[in-house]
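Me: I am new to this structure. Please take me through its salt bridges and one of its pockets.

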Amino acid sequence: DAAIQLAKSGGDRKLANEFFFKSAAFIRKLRGLQRDAGGVPIELLTTAIYNEARAHATNGNTEKALASLQEALESGPVDLAQLEAEVDFESCRNLPEFVSMLTKAKEDESRPR
């Protein structure tokens, strides 16, 4: 929450990104520890990894951003309208991998379950 507030308020984005990176690392570790106990709530997991992707994208590290975004998409539901509009992904928006990832996520979302 602190990182999101910093990012939204125009605060220290580098500090916010460090919070996002630490949150994602922690949630991955917790996921590993919690496998036998029912796991980490999907929304928490997906949000932390999605925010990590945003942080990598704003740092200009598109390769890591795309890897984290793919992990988030595989972890649980992601708000695709938000993803498309997300300013933080500007560095990735025109990359073929990003376009492909978004297209596949939309197709997966529209499939009947």
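Predicted model: local features only at pLDDT ≥ 70, side-chain atom pairs only at ≥ 80, totals over all residues.

Reply: Residues are numbered from 1 along each chain as its sequence is written, and side-chain values use heavy atoms, with hydrogens and water left out.

Me: How many salt bridges does the structure hold?

Reply: Side chains of opposite charge can pair when their charged atoms come close. A salt bridge here is a side-chain nitrogen of Lys or Arg within 4 Å of a carboxyl oxygen of Asp or Glu. The structure's count is 7.

Me: Which residue forms a salt bridge with Glu71?

Reply: The closest N and O atoms of this pair are 2.7 Å apart. Glu71 sits in helix H4 and its partner in helix H2 (residues 13-34), 43 residues apart. Helices are DSSP runs (H or I, at least four residues), numbered from the N terminus. The partner is Arg28.

Me: Is Arg54, which forms a salt bridge with Glu86, buried or exposed?

Reply: The closest N and O atoms of Arg54 and Glu86 are 3.5 Å apart. Arg54 is in helix H3 (residues 42-58), and Glu86 is in the loop between helix H5 (80-85) and H6. Glu86 has a relative accessible area of 13%, so it is buried. Arg54, at 10%, is also buried.

Me: How many residues line the second largest pocket?

Reply: A pocket is an open set of points on a 1 Å grid over the protein atoms alone, where a 1.4 Å probe fits, with protein on both sides within 12 Å along at least five of seven lines; lining residues have an atom within 4 Å of a point. Leu73, Gly76, Ala105, Asp108 and Glu109 lie nearest the centre of the second largest pocket. The lining numbers 13 residues.

Me: Which element gives the most to the lining of the second largest pocket?

Reply: Two elements give two or more residues to this lining: helix H4 (62-75) and helix H6 (96-110). The top contributor gives 5 residues. That element is H6.

Technical notes
Buried < 20%, exposed > 50% of the residue type's maximum accessible area, 1.4 Å probe, protein only.
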